[in-house]
Amino acid sequence: GECGPSLGRLGPACSASAGSDEGIGQVAEDDSDEDDGLEGIEADDEAGAGNTSLAVRTAFLDEKAAACHCLGAMAEQCGAAFAGYIGTVLPALLPLAQYFHDDVRHAVLTALLALAHAADAAFPAASKWAPGQPAEPLHQATRSLVDTIMPVLQQVIEQDDAMPVVATACEVLGGLAKSLGPAAVTCHLPTTVRVLSALLQRKTACMRRFDDGPDGEDDEAEEEEEQLLEACGDCIVDLAKVCGSEFEPFFRELCPRIIKYTQKNEFVQFPVSCDWHFSRLQQRDRLGVYAVFAGLGTCGDSRHIR
C-alpha cells in the first residue's frame, strides 16, 4: 500500500495512542460541576474513600478507537509489509478486547482479523487453500497468531455484554475461517461451537442482559439482537462450508439450538442460506441433512444443493 514507507512512523504512533490511558481520571462528586473536559462514565466507590467517578475525555475515546481502526487498516492494506510490526501491535491491541467502551472493542476485533491477513500474506502456507481442497497447514507464525486470536473471539462471544461487539466477533471468526481455511479453525471448533451454542441458548452475557433487563422492550435493542443472531448464523454457515465433514458432529450439537429460530412465530430469521438448510430438517431425514450441510465445504454455492 501507499502507506508502506510510513509504517515505521505510523505503526508505533498508533500503537502508543491505542495503549494510552492519559485521558482517564478519577473525579470526586463535589468536583463534578467543574468544567475540566471530562465526562463521567461510571461510579467507583469500592474503596469507601468518598464518592468518585471514573471519567474519560470523549476525544480520548475517539482517538483510541481511531488508532485501533488505523492499525487494522494499515495491516489490511499493506499486507506482508506490516508483518514486522505485528509483534509490537498485538500486545497493544489484546488488552483492549475487554476495554469498557464498545467502539474500542469493535475496532480491536476487526484489527485482529487484519493482522491475521497480514501474517498470512507474509508467511503463506505451502499452497493456498481453496474450497473443496484438503486443509493446508498454516505457517508457524500465522498459526501462533491465530491461536492467540481465537480465544479472544471466543471470550468476547461468551462474556461481552454488548450485542454489536459480539456480532463483530462472530463476523471476524467467520472471516478467519473463509480467508485462512480449515487449518485455522478446525482445532478450535470444540470451544467455538460451545460458545456459539451458548449464544443460541441465550446463556451468554449479552443475551442474559437483553432477557433480564429493560432492553427487551427497546426497538433498537431488538434490532441489535436480530443482527447478532444473523451474524451468528453466518458464522455457523462459514464454519460448515470451510470445515466440511469435520463440522458434521458439531452441527449435531447446534442443530436443535437453531431450529427454534427458524419457526414462523419467531421474529428473528437466520440468513437465507442458513435458514434454507435448517428449515429442510422438517422434510428430510436429519442425518441426511447433517451430511448435506457438512458437505458444503466441497459443494461450493449452497444453491446447488437439492
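At 0% relative accessibility, Thr-204 counts as buried, a word used for residues under 20% relative accessible area, with exposed meaning over 50% and partly exposed in between (1.4 Å probe, protein chains only).

**How to read the model**
- Residues are numbered from 1 along each chain as its sequence is written, and side-chain values use heavy atoms, leaving out hydrogens and water.
- As the model is predicted, local features need pLDDT of at least 70 and side-chain atom pairs count only at pLDDT 80 or more, while totals for chains, interfaces and linings use all residues.

**The chain as a whole**
- The protein chain has 14 helices and three strands; these are DSSP runs numbered from the N terminus, with helices being H or I of at least four residues and strands being E of at least two.
- Of the 306 residues in the protein chain, 48% are buried.
- Taking contacts between residues at least 6 apart in sequence, 71% join residues at least 24 apart.

**The nonpolar core**
- The largest nonpolar core has 87 residues, and Phe-82, Leu-115 and Phe-247 have the most contacts inside it.
- Such a core is a set of buried Ala, Val, Leu, Ile, Met, Phe, Trp, Tyr and Cys residues joined through side-chain atoms within 4.5 Å.
- Helix α4 (residues 102–122) gives the most to this core, with twelve residues.
- Leaving aside neighbours within four places in sequence, Leu-115 touches Ala-75, Phe-82, Ile-86, Val-89, Leu-90, Leu-93 and Leu-145.

**Helices side by side**
- Helix α6 (residues 163–180) and helix α10 (residues 219–243) have axes that come within 8 Å and cross at roughly 15°.
- That angle makes α6 roughly parallel to α10, since angles under 35 degrees count as roughly parallel, over 145 as roughly antiparallel, 65 to 115 as roughly perpendicular and the rest as oblique.
- Axes here are lines fitted to C-alpha atoms, for helices over the stretch in contact, and angles run from 0 to 180 degrees between N-to-C directions.
- By class, the contact of α6 with α10 has 14 nonpolar, two polar and five charged residues; Ala, Val, Leu, Ile, Met, Phe, Trp, Tyr, Cys and Pro count as nonpolar, Asp, Glu, Lys and Arg as charged, and the others, Gly among them, as polar.
- Helix α8 (residues 189–200) packs with helix α11 (residues 248–259) at an angle of about 5°, their axes 9 Å apart, and α8 is therefore roughly parallel to α11.
- Residues of α8 including Leu-189, Val-193 and Leu-200 meet α11 residues, among them Phe-250, Leu-254 and Ile-258.
- The contact of α8 with α11 has eight nonpolar, one polar and three charged residues.

**Loop residues and a cysteine**
- Arg-202 lies in the loop between α8 and α9 (205–212), and Arg-202 has a positive phi of about 65° although it is not a glycine.
- Asp-160 lies in the loop between α5 (140–159) and α6, and counts as buried at 8% relative accessibility.
- Beyond residues up to four places away in sequence, Asp-160 touches Arg-105, Gln-155, Val-165, Val-166, Ala-205 and Cys-206.
- Cys-70 lies in helix α2 (residues 58–78) and counts as partly exposed at 28% relative accessibility.
- Cys-70 and Leu-10 are 60 residues apart along the chain, and their C-alpha atoms are separated by 9.1 Å.

Conventions. Contact means heavy atoms within 4.5 Å.
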